[in-house]
Amino acid sequence: MTTVLEHEIVLRDGAVLRGHDDGEGPAVVWHHGSPQTGALLEPVLEATRARGLRLVSYGRPSYGGSTPRPGRDVASAASDVAQLLDALGIASAAHMGASGGGPHALACAALLPDRTTGVISVAGLAPFVDGFDWAAGMASDTTLRAGSRGREARAAVPEERVDAFLPVDWAALEGPWAALGRDAGRAMQDGPDGIIDDDVAYASPWGFDPSTITVPVLLVHGGLDRVVPASHSQWLLAHLPTAELWLRPRESHVSVLSSVPLALDWLRTLP
């Protein structure tokens, strides 16, 4: 059994990025949702180890010991990840993002095409753009809508207590994905800055055009999702020329993570 290594990567601007690295083999970068610390989650570790893949992750700014960066956009993830890969001696990698990690995985595909072998977005967000009813089907869009008005507006909105999860989600959090719930709790103990900056980034211009992505993209979404409705992946499918969509009609926001092993199998079929 390999040991997960933790790294403090000093970026070119002097900021610290907290990274995590497991094993050897073809690399997959895990982009966490909101809020998470960036620590490697046991169900993902089990799935990558079983397939001989090297799992790498990191905490976005303000998460898990990474230096805060107010005003960051989604595109900034590409530069952070490029420097993380350089520090770990990794030339190219695939990317997998869950929920809010999806846009950040897509940023790497768009802005690091020569270093990206493929992307998986599970329950990921689409951009906040004209002509798309971004909030349709969401249990609540209060904090994200505030994020579209800037950081000050988002910071003034208290965290919501809307339960958007369905019984299948709670079963996943009480069972195979319990580590995700524990990690989210640890992330929130460090304060709200990470999720505030995430929400502003999601609901503001991302800093890249998804339609320019040329690497293979797999979109996976639960048809019952009320946190990020499946319409988001459907929008991405229509605007990503290399994408395919696995719609899982009986799954919701957390329970759809049961697809991670199958999605990694898809990744291994890529040339």
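Modeller: One term to begin with. Buried means under 20% relative accessible area, exposed means over 50%, and partly exposed is in between, with a 1.4 Å probe and protein chains only as cover. Also, helices (H or I, at least four residues) and strands (E, at least two) are DSSP runs, numbered from the N terminus.

Colleague: Fine. Where does the model come from, and how are residues numbered?

Modeller: This is a predicted model: local features need pLDDT of at least 70, side-chain atom pairs count only at pLDDT 80 or more, and totals for chains, interfaces and linings use all residues. Residues are numbered from 1 along each chain as its sequence is written, and side-chain values use heavy atoms, with hydrogens and water left out.

Colleague: How many helices and strands are in the chain?

Modeller: The chain has 10 helices and eight strands.

Colleague: What is its radius of gyration?

Modeller: It is 17 Å. A compact globule of 271 residues would have a value near 18 Å, so the chain agrees with that. The radius is taken over C-alpha atoms, and the globule rule is 2.2 Å times the number of residues to the power 0.38. The C-alpha trace spans about 40 × 40 × 40 Å along its principal axes.

Colleague: What share of the residues is buried?

Modeller: Buried residues make up 56% of the 271.

Colleague: And which contacts does the chain make along its sequence?

Modeller: Contact means heavy atoms within 4.5 Å. Take contacts between residues at least 6 apart in sequence: 74% of them join residues at least 24 apart.

Colleague: Let's zoom in. Is strand 2 enclosed or open?

Modeller: Six of the seven residues of strand 2 are buried, so strand 2 is largely enclosed by the rest of the structure.

Colleague: Which strands does strand 2 pair with?

Modeller: Strands count as paired if DSSP finds at least two bridges between them. Strand 1 (residues 5–10) pairs with strand 2 in the antiparallel sense over six bridges. Val10 stands opposite Val16 there. Strand 2 (residues 16–22) also runs antiparallel to strand 4, with four bridges. In that pair, His20 has Ser57 as its bridge partner.

Colleague: Which way does strand 3 run beside strand 4, parallel or antiparallel?

Modeller: Parallel. Strand 3 (residues 27–31) and strand 4 share four bridges. Ala27 has Arg54 as its bridge partner.

Colleague: New topic. Where is the cis peptide bond?

Modeller: The cis bond joins Ser34 and Pro35, with omega about -5 degrees. Pro35 lies in the loop between strand 3 and helix 1 (42–50).

Colleague: What is phi at Ser99?

Modeller: Near 55 degrees, a positive value in a residue other than glycine. Ser99 is in the loop between strand 5 (93–98) and helix 3 (101–111). Ser99 counts as buried, because its relative accessibility is 17%.

Colleague: And helix 3, how many of its residues are buried?

Modeller: 10 of its 11, so to speak mostly covered. Among them are Gly101, His104 and Cys108.
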